[in-house]
Each structure stands twice: as C-alpha cells, then as structure tokens.
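Here's a quick briefing on a two-chain model, for reading with the structure open beside you.

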Amino acid sequence: MTTDPLNIIISGVGGQGNILASDLISRTFCEDGHFVSVGETYGATQRGGSVVSHIRVSSRHPYGPLIPLGEGHIIVGFEPLEVYRILREYGHETVRIVMNDRPFYPLDALQKKSAYPSIDQLISRIKHAGREVRVISGTALARDAGNAQAQNVVMVGAFAGLKWVPLEKKKYLKSIQETFSGAKLEVNTRAFELGYQAVSG
Amino acid sequence: MTEFNWNLDAPGKRCILSGNEAAARGALEAGIQVAASYPGSPSVQILECLAAVARERGIYAEWSINEKVALEVAAAASFSGLRALSVMKADGLNVAMDFLTTLPLSGIRGGLVLVVSDDPGAHSSVKEEDTRYLAPPAHVPLLEPATPEDGRDMLIWAFDLSEKSGLPVMVRLVTRICHARGNVTLGPLKSGDRQPNVSSRHRFITAARFHLRTHERLDSLQQDFEMSGFNHYTGPETPALTIFATGVSHAYAMEAVERLGVEENVGVFKVGTVWPLPEKTTRGILKRSRRVLFLEEIEPFLEDQTKIMAAQHWEELGPTDFLGKRSGDVPWIMKERGIGEMDPDIAAQAVAKALHMDFQSGSGRPGKKLEDLPEMDLPRRLPSLCAGCPHRASYWAIKTALALDGRKGFALGDIGCYALGVLPTGYQTIRTVHSMGSGVGLASGFGKLREMGLDQPAVAVIGDSTLYHAGIPPLINAKITGSQYLCIILDNETTAMTGHQPHPGSGVNAMGEPVSSIPILELVKGLDIPVTVGDPYRIHETIHTILDLIRKGGLQVLLLQRECALKAARGTAKARVYVDEERCLGDACGCSRFCSRVFSCPANIWDEEAGRAAIDEVLCTGCGVCAALCPQGAIIVETEGERCP
C-alpha cells in the first residue's frame with residue numbers, strides 16, 4: 001500500500017449497519033495478511049445517534065483503534081450530513097469519499113431546532129473538498145437488491161469497485177459468504193454487486 | 001457446531017476479533033466451565049459469545065439476576081474446583097463489591113476471573129467509573145490488556161495466577177478494547193473436564209484473621225508480575241522521557257512517538273500488571289529517566305501507584321518529574337467531551353509538550369480545500385427513543401397526566417433505554433437518574449415526605465430487567481414504611497438497552513433453553529401492593545389511568561406492558577401508517593406540527609414541498625400512537641384492510 005497506515009472511516013447513523021460494513025472490510029484486509037485495527041463508536045448513541053467506525057490498515061505493525069484528527073484517507077459515508085461532519089474533523093488533504101446520497105433526518109432538524117442543510121449544497125461542498133468523490137444512490141440500489149437495509153453492503157461494494165485499495169473482489173465475496181447464509185446471502189451478494197457496478201466503468 | 005471466527009477450532013489461524021470476542025476466546029482456551037454475568041455495555045457480548053456455544057463445549061452460562069449473584073454463581077464453580085468467569089460493567093462491580101471483598105479472605109479453588117469493563121467517555125453509561133481503584137480494598141490482583149489479542153492472552157494467564165494464589169483475578173477492559181477489533185492468532189481450545197466436588201476439607205470462610213494470609217497471597221504473585229511479558233519496555237537505554245502507558249493508551253503512546261519521530265530519546269513502558277505494581281521492574285524503569293509521563297484512561301491510577309512507589313524509594317530514585325493528569329500535563333476533567341478517554345491526539349500533544357516540541361493535532365490536514373469547508377450549523381444527533389418505542393408513549397402519558405393533575409408532580413428514573421427520558425425524546429419527563437433501581441428507592445423516600453408537607457406526587461419509572469435486578473427491595477421498603485407513590489414498570493419484555501438479553505420474566509435462559517419465568521404481575525401481587533395493568537400504545541386510556549392512580553394516592557404499581565419495538569418489528573407484518581393529505585392542515589392547523597416537532601417520533605417527518613406531515617415508511621413500526629394524538633385525525637393506520645381512525 002502506498003499509504004501506511006491507511007485510515008478508513010465509515011460514518012453513518014445508528015441502525016444503518018456500520019459495524020457489519022466495517023467487519024466485512026476489516027476481515028477482508030485481515031485475510032489478505034494485513035495488520036488491522038478497528039475502533040467502533042456506538043453505545044447509547046446507537047439510538048438514532050452518529051455511528052463511526054475507524055479502520056486502520058498497516059503492513060508494518062498494529063495501530064491503535066482510533067484515527068488521529070485530519071488523518072482519514074478514505075471515507076465511506078452512509079449519510080451526507082455525517083460525511084460532512086467527519087470530513088471537517090478527520091479529512092486528510094488527500095481524502096477520497098464514496099457516499100450514499102440519502103439523508104437521515106435528525107430529531108433536531110425535524111423539531112426545527114436547526115435546519116438540515118440542502119443536499120445539493122452538502123454534496124457540492126464535499127465534492128470540492130475531496131480529492132475524489134463518488135456519490136451513489138445506495139439505498140435505492142439496496143432496494144433493487146431486495147432490502148433497503150442492505151445499503152451498507154452496497155456501499156462496501158462501491159468501496160471495492162473503486163479499487164482505491166489493492167484487494168481482489170473475490171476476497172470481499174468470501175467475507176460476505178462467511179457472514180451470511182440462505183436468503184440473506186443472496187440479497188447481500190446482489191447488494192455488493194450493484195454497489196460494485198455502480199462505480200465501475 | 002455453531003461457528004463464528006472467535007470459536008473456531010483452528011489453532012494458528014489469524015482472525016480479526018473484537019475485544020469481547022477475544023476475551024470469550026481466552027476463556028475457552030483456558031478451559032472454563034462456568035460463566036455468569038448481568039448485561040452491561042461495553043462487555044455484554046462476552047457472555048453472549050460463551051452462551052451461544054455453551055452446550056456444545058460443556059459450559060454452563062447464565063445471565064444472572066444481578067452482578068452480585070453472577071459473581072456468587074461463578075465463585076460456587078470455583079469452590080467446586082472448576083474454572084469460572086464472571087463479567088460485568090463498572091457499575092455492576094459496585095453491586096458485586098460486597099461479595100468480592102470477601103473472596104480473597106475466604107480463598108477460592110478453581111481459577112476465578114472477573115472481567116470488568118470501564119467506559120471512558122461514557123459512550124454507553126451514565127458515568128465514567130475507574131474500577132481499578134476498587135482492586136486494592138478488595139485485595140484482588142488487577143491486569144489491563146492493551147489490545148484484543150493481549151486480552152485473550154491475559155485471560156488465560158489470569159486463570160493460572162488465580163489458581164496459584166488462591167485469589168480471584170480482575171481483568172479491566174475499556175470500551176476501546178471491548179468495541180475494538182484487531183488481529184488475533186487463535187490458540188488451541190481447551191475443554192474444561194474437571195468434575196465439580198466439595199469435600200469436607202473445603203471451607204471458604206470470611207474472617208478478619210485471614211487478612212494477613214490475603215496479603216501473603218498477593219505478595220506471592222510479585223515474582224510472576226516481575227517476570228511477566230505483559231510489562232515491557234521499548235526505547236533507548238537512558239531516555240529523556242519515559243511514558244508509562246496502560247490499556248489502549250499504549251497504542252496511542254507508540255503512535256505518538258512514531259508521529260513525532262522521537263524514537264531516539266523517548267521510551268515506552270507498557271504496564272499490564274497494574275496492581276500491585278511489580279516493584280523491581282518499575283523501579284528499574286524509573287531509574288532510566290528523570291522525566292515520566294503517564295497515559296491511561298479515566299483517573300490517574302497508574303500515576304498514583306507509581307508515585308507512591310517512588311516516594312518509598314526516593315533516596316534511590318532521586319528527584320523525578322511526574323507529568324500526568326495530576327500535574328495538568330494530560331488533559332482530563334478540563335476536557336470538553338470524553339473526559340476520561342485517551343486518544344491519539346491527546347497522547348501526541350502530551351508527549352510533544354513534555355519534550356517542549358511544537359505539535360498541532362490534525363497537522364496532516366493543511367489541505368487548502370478542506371480549510372475552505374465552511375463551518376455550517378449542523379443539526380446535532382441526540383440519542384432518541386426508536387420509532388414506535390413504547391417508552392415514548394409512556395413518557396407522553398406520564399407528562400400529560402402530571403400536568404393534568406396540576407400538583408407539580410415529578411418522575412424519577414434510572415438507567416436503561418428509558419434514561420433517555422431526561423432528553424427531548426422523552427420530553428424531559430424524568431428528573432433523577434442514578435443507578436439501577438434508584439428511582440424506586442428515591443420514590444420510597446419522597447413518598448414519606450408527604451407527612452412533612454411535600455404535596456407533589458412522586459412517580460418512579462423502572463424497566464422490567466431493572467425491576468428484577470434492583471427494584472424489589474425498594475418496593476418492599478415502601479410497602480412496610482407506608483410510603484406513597486406511583487411506581488410505573490415499563491415492561492418491554494426484554495433487556496433492551498444492551499441488545500435484548502432474557503431476564504427472569506422471559507421464560508428462556510442465556511443459552512436459549514426454556515426455563516420457568518416469574519411474571520412481574522404475580523411478583524407485585526405477591527407483595528400485596530395494588531397493581532393495575534395497561535398498554536402504553538392505548539395512549540388516552542394510559543393518561544387517565546395514571547391520573548386516577550396519582551389522585552387516589554397510597555402506594556400503587558402500574559404495569560405498562562408492550563414489547564420493545566425493535567424486537568416486535570422482527571418478522572411481523574406491520575400496520576401501514578400514512579398521512580391523509582386532505583385532513584392534515586399543515587402549518588394552518590395550529591398544532592405546531594405536533595407529530596414531527598412535539599411528539600417527535602423519528603418516523604414522523606415533514607414534507608417541506610407539500611407543507612404537510614408525512615410518515616417515513618422505512619422507520620415506522622405501525623404503533624399508531626401518533627394517529628391517536630393527531631388533533632385532526634389526519635394520520636391513518638391501516639391494519640390488514642381495516643382503516644382507523
């Protein structure tokens with residue numbers, strides 16, 4: 001890898017399946033022989049709060065589970081507002097971002113205590129700030145795959161398809177096969193493929 | 001065979017495991033035969049892991065009624081010669097502390113290990129408690145791992161130490177170990193094959209005369225601690241600065257040294273055997289340097305222990321600068337958030353400061369484009385009760401009933417999902433939050449103050465699992481003292497906050513086997529306290545029931561039963577809920593957007609374009625409470641063709 005340690009952040013909201021996505025990615029890196037450390041921030045915040053996973057990959061030695069401020073090299077974003085929040089704090093000057101465009105409104109916005117920024121404005125600012133930014137309709141693709149909840153696996157597919165990290169597609173698929181079985185395996189494999197294709201070509 | 005990565009019988013395989021999975025793995029590799037716990041974050045998955053494979057591995061695993069009983073169950077296995085594990089969060093150790101302090105005096109037999117999980121930053125707790133301070137008064141040796149793999153290794157060693165010394169051994173985990181994941185190379189699984197027995201020579205008696213023996217047992221471990229590979233030093237022979245680091249802070253210390261490029265003049269001492277400190281080793285490290293920095297989580301425990309030792313050997317060690325939380329060199333209670341939590345930036349700042357170097361955290365981000373990102377007023381994401389949560393309905397009913405009553409009544413809570421009753425999501429209904437069952441205990445006190453002129457009704461809320469854990473004694477107390485209050489039991493049929501573990505009312509045990517249950521209704525009736533049963537989803541009825549009960553006075557119990565919405569949503573067809581755009585008057589209604597702004601269920605959203613209320617169909621669970629409260633009756637609930645209202 002050109003960057004070592006490589007720092008990947010998955011950001012989302014409680015209930016969107018952050019931990020499963022970080023598990024698939026970190027497991028795939030581990031199978032590929034890397035040192036991997038993952039830090040999950042959830043807990044009481046899982047009830048509608050922000051959820052963040054830090055994944056740190058190195059070929060030299062293991063790192064601590066938290067990424068230092070300003071050192072995030074890749075952001076996999078499940079929710080536009082959360083991407084913006086993470087980008088400001090953790091984005092490295094070379095940061096690359098792959099994100100779902102569907103907003104998840106916080107209670108504060110619904111209660112009109114503060115407004116959710118316009119999606120177009122959020123995305124254009126994020127595009128301006130990142131070295132490379134890909135926006136996909138992750139939730140819609142997940143629905144096509146058979147379950148809107150599978151947007152997390154769609155985003156893992158998109159992350160894989162962008163080939164920002166040197167991992168083969170079949171290794172991700174192996175991690176998916178080890179994680180799911182039956183109908184869930186079918187839906188999640190489809191979700192991964194749709195995400196992969198959405199950014200390919 | 002149930003196969004997850006953590007329990008694979010594949011020695012040498014390199015996996016990625018969470019700290020909790022690694023701890024469970026350590027217990028399997030040590031050959032445990034009994035595990036008992038009460039669910040508490042961040043360590044809840046340890047017993048879940050063990051229970052999932054318990055029967056096939058010949059282990060008995062249980063969710064006990066509370067942490068004290070969990071430790072007692074594990075101790076019984078130890079007294080019978082088996083290896084046993086007990087797991088609890090920091091708050092739970094306080095509950096078990098009374099028993100723990102007796103164990104080193106009475107002695108034990110089979111290896112007994114107590115895993116305690118602290119929560120620096122209080123990610124899923126009401127407070128940050130550093131349980132390391134509880135090891136010395138209990139006379140319990142204390143270990144602290146730095147990574148998930150370290151935790152697995154340490155757990156195996158802890159069982160050996162326990163059997164060697166005749167003392168229980170405590171392993172302190174923190175959130176950034178429990179909820180972190182890292183590479184673990186699997187070791188061989190060991191089947192616990194000991195036959196439990198208690199012979200006539202086995203006596204486990206607590207008496208003050210065993211105090212000396214307890215200290216001798218602690219001292220007997222000194223040599224093991226001195227020789228232990230869990231303590232190690234990395235760095236130059238005579239560093240300008242030595243960092244003492246324990247737990248996950250060790251990784252941050254190593255990274256700080258790497259980022260600052262100060263490998264030539266900074267040493268790092270990783271401390272794994274935190275109490276009692278290995279005296280010779282620690283003195284040897286202190287002699288290398290006149291400047292020492294401490295990196296650890298929550299309170300300055302290692303810092304204090306090291307300074308006590310240095311004071312004893314001051315002639316040999318000479319003057320030393322101790323930099324840490326006490327000296328103000330490591331930010332602590334002055335921090336804005338995550339008060340006791342360490343992170344790589346705090347660590348790097350502290351090391352740079354100790355070396356008089358300039359260092360700006362986030363220095364890797366001077367990218368011009370990022371600096372251009374304007375500071376937007378981003379809405380916060382406060383934790384909220386889930387869509388369809390029965391607690392939301394209960395809090396709405398309590399708040400409304402107390403307002404209708406008009407005597408400035410107040411509600412008392414405790415910990416669990418319903419602690420969110422302090423936030424806007426629960427209409428800030430509860431006015432006290434302390435420990436398990438404390439709302440009911442406080443109500444027992446408030447309810448006696450009526451006689452002295454306190455004319456405000458007190459209402460205690462308590463969850464079902466919490467009621468079994470710590471709510472029965474305060475109810476009995478109220479019954480015999482004649483205290484007057486309304487206790488509302490928010491029964492969602494599970495231990496929801498920690499991920500739906502069973503409790504004594506569930507009729508199923510940790511291993512998924514059917515067992516007898518103790519229904520709350522029968523339990524309260526058995527105490528001869530008047531009890532009313534209700535359904536929080538029947539919102540208007542519930543409001544009137546609460547109002548009637550507080551007006552009636554005396555000691556009352558209201559059992560509000562409705563399954564946790566997250567659990568109920570699994571696999572069942574839900575009612576379709578939608579807004580009738582004709583009936584909804586939008587901002588012209590005068591309801592102030594009641595559903596999305598006031599009732600504030602996450603599924604009640606606002607369609608800006610239409611200027612009307614809307615329902616997020618992905619989130620909505622179909623409970624229908626908002627429909628019952630909408631002043632225009634504009635929210636429609638459709639159950640299998642039926643349409644209401």
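In chain B, the centres of domain 1 and domain 3, taken over C-alpha atoms, are separated by 32 Å. Bear in mind that this is a predicted model, in which local features need pLDDT of at least 70 and side-chain atom pairs count only at pLDDT 80 or more, while totals for chains, interfaces and linings use all residues. Residues are numbered from 1 along each chain as its sequence is written, and chains are lettered from A and ligands numbered from 1 in the order in which they are written.

**Domains of chain B**

- Chain B splits into domain 1 (14-193 + 207-220), domain 2 (226-354), domain 3 (390-568) and domain 4 (576-644); these bounds come from an automatic or database domain assignment.
- Where domain 1 of chain B touches domain 3 of chain B, each puts in 16 residues (contact means that C-beta atoms, placed from the backbone, lie within 7 Å).
- On the domain 1 side, helix 2 (44-53) and strand 3 (60-63) of chain B each give at least two residues (helices, H or I with at least four residues, and strands, E with at least two, are DSSP runs numbered from the N terminus).
- That side of domain 1 has 10 nonpolar, three polar and three charged residues (Ala, Val, Leu, Ile, Met, Phe, Trp, Tyr, Cys and Pro count as nonpolar; Asp, Glu, Lys and Arg as charged; the others, Gly among them, as polar).

**A parallel sheet in chain B**

- Five strands of chain B line up as 15-16-17-19-18 in an open sheet with parallel pairing (two strands pair if DSSP finds at least two bridges between them).
- Strand 15 (410-412) and strand 18 (531-534) of chain B sit at the edges with a single partner strand each, so one side of each has no neighbour in the sheet.
- From one strand to the next, the twist averages 25° (axes are lines fitted to C-alpha atoms, for helices over the stretch in contact, and angles run from 0 to 180 degrees between N-to-C directions).
- Strand 15 of chain B is joined to strand 16 (residues 458-463) of chain B by three bridges, and B:Ala411 faces B:Val459 in strand 16.
- Helix 19 (residues 464-481) of chain B packs on this sheet, touching strand 16 and strand 17 (486-491) of chain B, and its direction makes about 135° with that of strand 16.
- Helix 21 (residues 539-552) of chain B also packs on the sheet, touching strands 16, 17, 18 and 19 (556-561) of chain B, at about 170° to the direction of strand 19.

**Where the chains meet**

- The contact brings together 52 residues of chain B and 50 residues of chain A.
- Strand 8 of chain B gives the largest share of the chain B side, four residues.
- By class, the chain B side has 24 nonpolar, 16 polar and 12 charged residues.
- Strand 2 (residues 35-41) of chain A runs antiparallel to strand 8 of chain B, with three bridges joining them; A:Val38 has B:Arg181 as its bridge partner.

**Chain A**

- Chain A has eight helices and six strands.
- Helix 2 (residues 80-90) and helix 4 (residues 119-129) of chain A pack at about 35°, with axes 10 Å apart.
- Residues meeting there include A:Leu81 and A:Tyr84 from helix 2 of chain A, and A:Leu122 and A:Ile126 from helix 4 of chain A.
- This helix contact has 10 nonpolar, no polar and no charged residues.

Conventions
Contact = placed C-beta atoms within 7 Å.
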